[in-house]
Structure formats: structure tokens, C-alpha cells
Amino acid sequence: MPGVVLIGAQWGDEGKGKITDLLSRDYDYVARFQGGNNAGHTVIVGDRTLKLHLIPSGVMYDNVTPIIGNGCVLDLKVLIDEIDRVESEGISCERLIISSNAHIIMPYHLDLDEASERRLGKNLIGTTKRGIGPAYQDKISRMGLRMQDLFDRSIFKEKVAAALIEKNDVLAKVYDLPTYTVDQIAEEYLPYAERLKPYIQDTSPLLNDALDEGDWVLFEGAQGTLLDIDHGTYPFVTSSNPIAGGAAVGTGVGPTRVDRVLGVAKAYITRVGSGPFPTELSCKDGDTFIDVGHEFGTTTGRRRRAGWYDAVITKYAAQVNGLTDLCITKLDVLSAFPTIKICVAYEHLGKTYTSVPGHQSAFHHAKPVYEEMPGWNVDITGCRTFEDLPVEAQNYIKRLEELAGVPVTMIAVGPDREQTIHNGFLQRS
């Protein structure tokens, strides 16, 4: 005890990397449980910025064992490049452990992802074109390759041959793209085995034993609740389960081992890619969020879409994830506004919704119902306690607590790890 799951309570990009990094100093293990290099975490320490896509943020600490769980999909070239880049910063990756059951992103997955998005045209999903979706498709259809397959040449080549029967047909006949041979892929991928072998383990027993021994484990999700394949704004979602329940599936640790679930939400809201967004702003206020909040994707560099805080979505995230705690990030960005709006409900065809509509059409066309609160117009980046905040900011946080039904136990008032207010979240004594 404890096992803590950290998830995004919006559409991703909530600042989870900073919070994971901040909390990691108290933990023995930090385990990433889903996604691939379609997500990014930016960690800022002093004048140094570290952008991570696969390696958990806990790698920054000598006391932490970072784990990439079985629920992840891995582009091996990206993974090795990231290990090299992190170590070039003087940060050791020797403690990194990668699940032997994590799936591998193959070169044809990248081709199929890009070709599919191009073919969809204006109806594109807005993927990062990193091969994530096709890799998960193969996992579910039992055509995927796992990390452990790298260490048996004959099994690897046999599985690649089976996959290429279908993949080459689709590449050539549907998309008019070049095809692959077994030897071509084996020549590129099998050498990765020697480099990655020291990191590979069966991580499920490792994490369960750690919890049995009283170690602290932080389960780290990528993306956010509204991008969940089952519970998000389908089809404009990711291909895995970023919600808290995904932590059990993606690491092989039972749900009864989880003690707390921390949801991270921005003090406003953003999303990257296509899909509905009830509070999206296309006016000057939206530009202010982008400019002041530096809202550009860590992975793609794409400009994010921005809008006022959506309390309906956060309430939904609280229910779906079973949140025990809420962290509000980028509260300092709201200092730029004299008046602040909170979306407390939606309206569609004469009906008012105080929860996320069950039908996608109603959500897509929903109009936000706003509640206004006074801003504070002062710099709060130096605040370190809740009482240090202007009363207007305190009232804003209290209102978000009421609307979510979850206590706000952490507040970020700047990008650096020290620019954080601890407001009751569990810390190691």
C-alpha cells in the first residue's frame, strides 16, 4: 500500500507528466499501462525540459523502477532512441523494465495508419499516425507480435509470415503501397533483441510482489478519459483504455490492489485532433489559452483546441474512473482573464443535460451552459499553499470540487515541479 492510479480526466494533455514526475519521488515503481508513442509527457526541472513518449516520468528518480506494462504498444526504434536521449541527459535507464507481453508496432502498422487517415479525408479521426491503432487491431485479432517474440528467431519469422499474408494484400490492393518480406522485417527487428534484452521481464508478478511487500506503486495512464476506446467520444478516441480500469488490464495487477485514483484536469480544457468539443472557443479567449498555456502537442507539435473548463466532463470522468482525488493544473493560465466561465450543463433540442449525453449526436451538437465567476488578475505562480491563492482562485477551486463531487487535493500553478500546491493528497511520511 498504496497502489495509486493517475489518469487524465479530460481529452489528454492535462499535464499528467509533471504530476507523475512530482509524485514519483514518493514511489518505488511507476508503471505505464497503455498507449504508445502517440502520447507525450513534458517534465520541466529548473532550466531543463525532458519530453517523454514511452518511458515513465519516474525515470528521473534513482529510487523509482519505471515499468512499461503489457498494455502498451512499442515502436522499438522510438523506444531505443528515447532511452539513448534520456541517458544523454545524464539520467540512467538501467532500472527500466519492459513487459515481455507488450506488443510491437511493426512497419506495416505505420503505413496502414497513415494510409487509412489519408483515405478518410475530411472524416479522419486525427490519429498521430504512429501505428498505434493498427497495432492494437492486430493484438485483438491475435495477429500481433510481442516483445518476447524477438528472442526466438523462428517464432518471430513465423508470426511475421502469417501477418504478411493479410498485410501485404491490404497494402498493395487497397492502398497501392509497397509490400514487405519476412527477411526484410527480420533484418531490421531481430537486432533490437540484443539491445532490449536487459529490460525485458514478466512485469505482472513483479508488481504484485512489490505491493505484497508494501512498496508504493504509481500506475500511469496516457491520453485521457474522453479518449478511451469504450468510454470516450467514439470514434474520435485512442485504441486503448486510459481509464483507471485499464491499469489492472495493462499491468496484470488486480483492481483490489488500487487504493487511490487521482484524476488530472486542466483549469480549462483542450484537445488535439478531431471530434466534438462543446466548450471550444474560436475567439480571442481561445487564442489566449493557446498562447499563455503554450498549448501545442508534445508528440505532434499540433496546435491544441481550447475552451473553458467543462464540469460535465469532469463529473463523468469521476464516475467512470472512481476518482478519489482531483488535481487541477495550469490554474495560473486563468490569471489572464477578468471573468472565468465554467460549463455546468449542456443544451440540445430544448433538453438540458447535467451529465454527458448517452447519444453521440446530442454530445456533438451540445451547447454549453456557463456559470461565470470573477477572475483574480494577479500572478499566482509563487503560491505554495491553498491559503496563498487569491480568494477568487480559492472559490474557483471549491466550485470545481462541488461540481465534480471529488476533493481537489493538488493544484499546479506553473510548469515546474515545485510550482504545485499540495492540498491533502497522500504523501509518504
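This is a predicted model: local features need pLDDT of at least 70, side-chain atom pairs count only at pLDDT 80 or more; totals for chains, interfaces and linings use all residues.
Buried means under 20% relative accessible area.

**View 1. An edge-to-face pair joins Y27 and W216.** Both Y27 and W216 are buried. A pair of aromatic rings is described by the distance of the centres and the angle of the planes. For Y27 and W216, the centres are 5.3 Å apart and the planes stand at 65°. The two residues come from distant parts of the chain, 189 residues apart. Y27 sits in the loop between α1 (16–24) and β2 (29–32). W216 sits in the loop between α8 (203–212) and β10 (217–220).

**View 2. Y108 and Y180 also pair edge-to-face.** Their ring centres are 6.4 Å apart. The planes meet at 70°, and therefore the pair counts as edge-to-face. Y108 belongs to helix α3 (residues 107–120). Y180 lies in the loop between α5 (153–174) and α6 (182–189). The contact thus ties together parts that are 72 residues apart in sequence. Y108 and Y180 are both buried.

**View 3. Four aromatic residues form one cluster.** The members are Y268, F289, W308 and F337. Across the structure, the count comes to ten aromatic pairs.

**View 4. A salt bridge joins K16 and E14.** Side chains of opposite charge can pair when their charged atoms come close. Here the N to O distance is 2.8 Å. Are these two partners buried or exposed? K16 is buried, at 4% relative accessible area. E14 is buried too, at 0%. The structure has 21 salt bridges in total.

**View 5. E418 and R25 bridge distant parts of the chain.** The closest N and O atoms of the E418–R25 salt bridge are 3.4 Å apart. E418 lies in the loop between β19 (408–412) and β20 (420–422). R25 lies in the loop between α1 and β2. The sequence separation is 393 residues. E418 is partly exposed, with a relative accessible area of 43%. R25 is partly exposed as well, at 37%.

**View 6. E295 and K266 meet in a salt bridge.** The N to O distance is 2.7 Å. E295 is in the loop between α10 (284–293) and β13 (305–307). K266 is in strand β11 (residues 260–266). The partners are 29 residues apart. E295 has 0% relative accessibility and counts as buried. K266 is buried at 1%. Which residues belong to the salt-bridge network that includes this pair? D13, K266, E295, R304 and K330 are linked in it.

View 7. A disulfide is a covalent bond between the sulfur atoms of two cysteines. The cut-off is 2.5 Å between sulfur atoms. C383 has its closest cysteine sulfur in C327, and the 15 Å between them is again too far for a bond. C343 is buried, at 0% relative accessibility. C383 is buried, at 8%.

**View 8. The largest cavity holds about 50 Å³ of space.** Rolling a probe the size of a water molecule over the atoms shows where empty space is left. A search of the whole structure finds one cavity of 30 Å³ or more. Its lining consists of R32, A39, G40, H41, L52, H53, L54, I55, P56, E220 and A222. By class, that lining has six nonpolar, three polar and two charged residues.

**View 9. The second largest pocket has a volume of about 370 Å³.** Of its 17 lining residues, the closest to the centre are G232, T233, Y234, H359 and Q360. Which helix gives the most to the lining? Helix α12 (residues 360–364) does, with three residues. The lining of this pocket has nine nonpolar, seven polar and one charged residues.

Key
Residues are numbered from 1 along each chain as its sequence is written. Side-chain values use heavy atoms; hydrogens and water are left out. On a 1 Å grid over the protein atoms alone, a cavity is a set of points where a 1.4 Å probe fits but cannot get out, and a pocket is an open set with protein on both sides within 12 Å along at least five of seven lines; lining residues have an atom within 4 Å of a point. Grid points are joined across faces, edges and corners, and a volume is the space filled by probe spheres set on the points. Ala, Val, Leu, Ile, Met, Phe, Trp, Tyr, Cys and Pro count as nonpolar, Asp, Glu, Lys and Arg as charged, and the others, Gly among them, as polar. Buried means under 20% relative accessible area, exposed over 50%, partly exposed in between (1.4 Å probe, protein chains only). Helices (H or I, at least four residues) and strands (E, at least two) are DSSP runs, numbered from the N terminus. Rings of Phe, Tyr and Trp (its six-membered ring) pair if their centres lie within 6.5 Å; planes under 30 degrees apart count as stacked, over 60 as edge-to-face and the rest as tilted. A salt bridge is a side-chain nitrogen of Lys or Arg within 4 Å of a carboxyl oxygen of Asp or Glu.
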